[in-house]
Amino acid sequence: MMRSVTPITQRELSAYFFSPIAYAMLAVFMLTLGVLFMVTTFQPGGDASIRNLAGTMPLVLAIFLPVLTMRLLADEFRSGTIETLMTAPVNESDVVLGKFLGAFLFYAVMLLGVLVFAFVVAAFGNLDGGVLLATFLGLLLLGGLYIAVGVFFSTCTSNQIIAAVCTIVPLMVFTILIDRLAVRLDGLAALVLHHLSINSHFSDFTRGLVDLNDVLFFASTTGLFLFLAVKVLESRRWR
């Protein structure tokens with residue numbers, strides 16, 4: 001299977017690294033994180049951690065990652081290259097996984113920029129390495145889920161803007177809105193909403209806690225959206 005997935009992944013990575021839009025997005029991403037770092041962390045008497053900065057990442061990534069994923073399959077449908085791709089010795093699972101891994105690896109490169117701010121914090125205090133590692137694991141799992149959602153919606157349309165908007169809306173709902181709604185409720189409704197809240201699962205990582213339930217939440221939901229993307233691609237192939 002990996003023999004078929006690897007060329008697609010390499011193709012996507014090349015498309016990112018040779019695209020001026022990708023570098024522009026990287027620059028804006030780093031600028032945004034720099035501003036947030038100055039506001040949330042780099043303050044007199046602040047904690048020697050990037051926890052406050054990491055706390056803003058679900059919202060930031062809910063905006064940036066849909067832009068990263070919107071073209072993955074939508075552009076293939078728009079340009080008609082999906083037919084050429086699907087006539088190669090690959091199946092729908094190979095295409096979806098290859099597209100996902102390409103975007104995920106580029107996202108991992110984006111995350112290296114966060115280390116810059118971690119080094120700044122370490123220069124002015126005793127940075128907790130365990131919390132930093134847990135935070136990065138959480139960011140990888142969070143990004144994987146967001147990218148999987150983006151891949152799914154990119155299989156549903158040939159319009160990149162629609163794919164981006166359709167990705168941003170549910171991410172905002174399950175990251176921000178549900179979390180705030182859960183606080184105002186109690187009982188079973190609050191427990192259900194808390195479990196569905198992406199932010200509530202991610203926040204444990206920023207405190208240095210690696211809970212198996214949180215890992216399973218991100219892994220299972222990521223797998224679910226990749227599975228749905230495969231099914232949508234299969235249905236589009238036979239239209």
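Is Cys-156 buried, partly exposed or exposed?

Analyst: The model is a predicted one. Cys-156 is partly exposed, because its relative accessible area is 36%. A disulfide is a covalent bond between the sulfur atoms of two cysteines. For Cys-156, the closest cysteine sulfur belongs to Cys-166 and lies 7.9 Å away, which is too far for a bond, since a disulfide requires the two sulfur atoms to be within 2.5 Å. Cys-166 is likewise in no disulfide, and a search of the whole structure finds 0 disulfides. Cys-166 counts as partly exposed, with a relative accessibility of 32%.

Helix H8 covers residues 129-154. One of its residues is Ala-134, which counts as buried because its relative accessibility is 4%. Leaving aside residues up to four places away in sequence, Ala-134 touches Phe-205, Gly-208, Leu-209 and Val-210. By contrast, Ala-163 is 29 residues from Ala-134 in sequence, and their C-alpha atoms are 31 Å apart in space.

Helix H8 also packs with helix H4, which spans residues 57-69. The two axes come within 9 Å and cross at roughly 40 degrees, so H4 and H8 are oblique to each other. The crossing is right-handed. On the H4 side, the contact includes Met-57, Pro-58 and Leu-61; on the H8 side, the residues include Tyr-146, Ile-147 and Ser-154. The residues of this contact comprise 10 nonpolar, 4 polar and no charged.

Key: Residues are numbered from 1 along each chain as its sequence is written. This is a predicted model: local features need pLDDT of at least 70, side-chain atom pairs count only at pLDDT 80 or more; totals for chains, interfaces and linings use all residues. Side-chain values use heavy atoms; hydrogens and water are left out. Helices (H or I, at least four residues) and strands (E, at least two) are DSSP runs, numbered from the N terminus. Buried means under 20% relative accessible area, exposed over 50%, partly exposed in between (1.4 Å probe, protein chains only). Contact means heavy atoms within 4.5 Å. Axes are lines fitted to C-alpha atoms, for helices over the stretch in contact, and angles run from 0 to 180 degrees between N-to-C directions. Angles under 35 degrees count as roughly parallel, over 145 as roughly antiparallel, 65 to 115 as roughly perpendicular and the rest as oblique. A crossing is left-handed if the near helix is turned anticlockwise from the far one by less than a right angle, and right-handed if clockwise. Ala, Val, Leu, Ile, Met, Phe, Trp, Tyr, Cys and Pro count as nonpolar, Asp, Glu, Lys and Arg as charged, and the others, Gly among them, as polar.
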